[in-house]
Amino acid sequence: MKDVIARFPRLTALLAGFLSSTGFEPLKLWPVTLACLALLIVLIERAPDRKSAFARGWLFGVGHFTLGLNWIAHAFTFQDAMPHWFGYGAVILLSLYLAVYPGLATLATYSLSRRRKGAKTLTITLIFAATWLAAEYLRATAFTGFAWNPLGVTLLPTGIAIASTLIGTYGLGALTLLASGALLLALRRQFKPAAAIATPLVALALWGNLSPAPQTPPGAPRIRVVQPNIGQDEKYSPALEQAHFQTLAALSGTPRPAPRLIFWPEAAIPAYLDLEPEWRARLASLLGPGDLLMTGATKVYFKRQEKDGIVENALAGANNSLFIVDARANLLGRYDKSHLVPYGEYLPMRAILQPIGLSRLVPGDVDFWPGPGPQSLTLPAALGRPPLKMGVQICYEIIFSGQVVDETNRPSFLFNPSNDAWFGSWGPVQHLAQARLRALEEGLPIIRSTPTGVSAVVDARGHILSSLPHQRAGFLDTALPAPLPPTLFSRLGNWAPFAFMMALLALALVPGTIATRRSTR
């Protein structure tokens, strides 16, 4: 093995990165991820210079993202304006860019560790955990950010993920690197430093696996989560509009004496609810007294323009929105998606890209406009039910750690209406895993409704209480889970992982610490 690494370090980095993505959903081979990261630490140790250190991290990232993001290629099968085969090229091009961030982490690790003459595995591991944390945060924020598949999500099956209540998702990614370093130290028979890392990780795993979820209080509101199994290839068909509505209506059930909260997916109906009272009446006819329907729809904006001497209203823009409808056909609230998907909901540099044949992956004539950001919508009291506050994160928004809750008006739960119908088979389960991390971080239950799955009810500890499998129509009928008190992360936000990052760097680099004493012996 040593000879292979020495002779083919770049190929080793590429293959290790590719295999490291098997720790994500749906494979969940997290031990493989730890082993691959341990191998990457070895590659950093043996890098002869900064250029090699960056190249090894970058190649690791290329393999890592190419496999983990393979579902993106599936999205191009729903867009006839571009060749379907281009989806595979898009995955590779995106991976070539995203790989820059692991490359920056390995470059920074190499450079900082060289400040410690004779730095050993423990020091390099601590530095790498810190630089990976910083690089992953940068990936999630630079150029609108792409936070998909943070490394820490691989630890969800282990219980260690409960650390996200303290240090968030990016801190959890650093813990993943520490676990890999402990594995490498143990393989090298350096058991004391390995134990120093492993002991708190085992304690976290025990805490995560034994920590009880909050009990659902008596009289909690009943919820109905609808999954109609309407595919992306038929979603926008005018001929199927009535059939789709009937499916949604049937799965929503009949009114009951007790009020219900009914959740439909993102863009569930092709209606402009604020402009079409007949559509509001159709929805209200499904509801009993006190029932509320949360449904995705579109809010549109018009502009007056003159064409051939005739002044007319033309579509100017739109919001991807969530509306609350009551049994009297009133609109009680609206949330507009804030973090939009580039090339999905708007086309960057439209004036350049559209003339050369590139267009949005989601059909539409105009770009969506962003909303103001996280906010809590108050659901009115009905038949003795106390008012609730609902936070909303539409689809892609739920993946951004520390950006999902209105800190000044904390909600009782989060609703994540989504359209994963164009995400292939890997994307929906990866999306759900990231939503579970938001539940853990914020101490809030999450309700997910999607057209084709995976719809789910997640408690405030990130446990899936009930779910509907991919590509199956159905509904979930249960009580609304209870929230937990605000977590440390929910109070501090991403200041918490950055404090953890500074602590790791201090342990690795400040003279007199355990890591530096061991490294210089």
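Buried denotes under 20% relative accessible area, exposed over 50%, and partly exposed anything in between, using a 1.4 Å probe and protein chains only. The model is predicted, so local features need pLDDT of at least 70, side-chain atom pairs count only at pLDDT 80 or more, and totals for chains, interfaces and linings use all residues. Residues are numbered from 1 along each chain as its sequence is written, and side-chain values use heavy atoms, with hydrogens and water left out.

The disulfide count is zero, a disulfide being a pair of cysteine sulfur atoms within 2.5 Å.

Helix α7 covers residues 100-113. Helices are DSSP runs of H or I, at least four residues long, and strands are runs of E, at least two, numbered from the N terminus. The expected span of a helix is 1.5 Å times one less than its number of residues. For the 14 residues of α7 this gives 20 Å, and the end C-alpha atoms are 20 Å apart, which agrees. Buried residues of α7 include Y101, P102, G103 and Y110. Their cover includes α3 (30-45), α4 (50-68), α6 (86-98) and α8 (121-141), contact meaning heavy atoms within 4.5 Å.

Q227 lies in strand β1, residues 222-227. At 0% relative accessibility, Q227 counts as buried. Its side chain joins that of S455 in a polar contact of 2.7 Å. A polar atom of the Q227 side chain also lies 3.3 Å from the backbone nitrogen of G453. A polar contact is a pair of N or O atoms within 3.5 Å; within protein, one must be able to donate a hydrogen and the other to accept it, and residues adjacent in sequence count only if both atoms are side-chain atoms.
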